[in-house]
Amino acid sequence: MAVDASRLDAEFAGLDALEAQEAPPGPGLLRRAWTGLWPKLAAIGIVVAVWQAVVWAGLKDPWVLPGPAAVFDELSSLVTQGSFWTAVGVTMRRAATGYVLAVAIGVVIGVLVARFKLLRTAVGSLITGLQTMPSIAWFPLAILLFGLKESAILFVVVLGAAPSIANGLLTGVDSVPPALVRCGRVLGAGSVDMYRFVILPASLPSFIGGLKQGWAFAWRSLMAGEIFVIIARRPSLGANLQFARDISDARGLLAHMVVILVVGILVDSVFGRAERSVRRRWGLVDVADVP
C-alpha cells in the first residue's frame, strides 16, 4: 500500500509540535507564598478570636489573662529593647549548639544501630524509650552533674533531640526498598559505599522527618531548661518567662510565650519546606500538590 509522504510529514510535524510545547507555567512565587501562608493566618485569627472571646466573657481577671491587644502592645514594646534581643540571641545560640550536637550524636548512633544487628537488638528499644521520656525528668540529674551551668541545659537538649533523630534515620533505613540494595550489590558497592550512595540517600525523606521532630524536642527541652537553670547575667527567653511569672506580669509572660511560639513555627516551616522538597525530588508526592 502506498504511503502519502505529505501526510506523514504533516503527522510528524504535529508530533514535533507537541513535544516542543512547553509545560504550562506553575503558580508565581507570591501565589505559592500566599497558598502556604493563608491557612496559618486563618488559624492564628481563630486562636486570637477565641482568646478575645474568653477575655470578654470575664472568666479571668484582666491582670491574670489580659486580652490580645494588651499583649501585642507589650510585645511591640519588647522588640524595641536591646535586652530582649540579647535574650533571643542567647536562646537561639543555645538551641543551635544543642541541636547540632544532637544531630551529630543521633546520626552516629542511628548508623551504628542500623549497621550492626547486635546493636539493634541491644539498644534499639532503648532509643525509643529515651525518646518517650519527658525532658524535664532529666533536669535533676543534669543539675546534679553539671550544676547551674550552660552544660546542664545542653545535656538535656541533646538527650531530648538525639533519640528522635536516630529513630528517624533508623526508620528511613528500614524503609529502603530491597531492590535498591540488590542493585547496589550488583554494581559492586561495598559496605561503606552501600550506605553512602544507596541506603542513606534513600532514607533521606524519613531522616528529614526525624530532624524535624528532633528540633521540636530540642526546642521544648531548651525552654524547660531555661526556666529551671537560670544563669546570672545570661538573659534568655525562658528566664524572662520565669521572671514575668515571679512578678505576676501576665502581659510580659504571654508576650514571651508568643515569641517562643513564633520561633518554633518559623523553624518548623523551614523543616517542613525541606521535607516537602525532598519528598517531591524522591517522587513521593505529586509536584502539583506541593505549594
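How many cavities of 30 Å³ or more does a search of the whole structure find? I ran through the predicted model and noted that the search finds one.

**Entry 1: the cavity.** I looked up the volume of the largest cavity, which is about 30 Å³. I then listed its lining: Leu130, Gln131, Met133, Ser135, Trp138, Leu159, Gly160 and Phe217. I sorted these lining residues by type and recorded five nonpolar, three polar and no charged. I also checked the helices, and found that H5 and helix H7 (150-174) each supply at least two residues of the lining.

**Entry 2: Gln131.** I turned next to one of the lining residues, Gln131, which is part of helix H5 (residues 117-132).

**Entry 3: the nonpolar core.** I examined the largest nonpolar core, which has 55 residues. Those that touch the most other members are Tyr99, Leu211, Trp215, Trp219 and Leu222. Several helices each supply at least two residues of this core, among them helix H4 (82-115), helix H10 (204-228) and helix H12 (250-281). I recorded that the largest share, twelve residues, comes from H7.

**Entry 4: Trp219.** Which residues is Trp219 in contact with, leaving aside its neighbours within four places in sequence? I wrote down Thr91, Met92, Ala95, Ile260, Val263 and Gly264.

Terms used
Residues are numbered from 1 along each chain as its sequence is written. This is a predicted model: local features need pLDDT of at least 70, side-chain atom pairs count only at pLDDT 80 or more; totals for chains, interfaces and linings use all residues. Side-chain values use heavy atoms; hydrogens and water are left out. Helices (H or I, at least four residues) and strands (E, at least two) are DSSP runs, numbered from the N terminus. On a 1 Å grid over the protein atoms alone, a cavity is a set of points where a 1.4 Å probe fits but cannot get out, and a pocket is an open set with protein on both sides within 12 Å along at least five of seven lines; lining residues have an atom within 4 Å of a point. Grid points are joined across faces, edges and corners, and a volume is the space filled by probe spheres set on the points. Ala, Val, Leu, Ile, Met, Phe, Trp, Tyr, Cys and Pro count as nonpolar, Asp, Glu, Lys and Arg as charged, and the others, Gly among them, as polar. A nonpolar core is a set of buried Ala, Val, Leu, Ile, Met, Phe, Trp, Tyr and Cys residues joined through side-chain atoms within 4.5 Å. Buried means under 20% relative accessible area, exposed over 50%, partly exposed in between (1.4 Å probe, protein chains only). Contact means heavy atoms within 4.5 Å.
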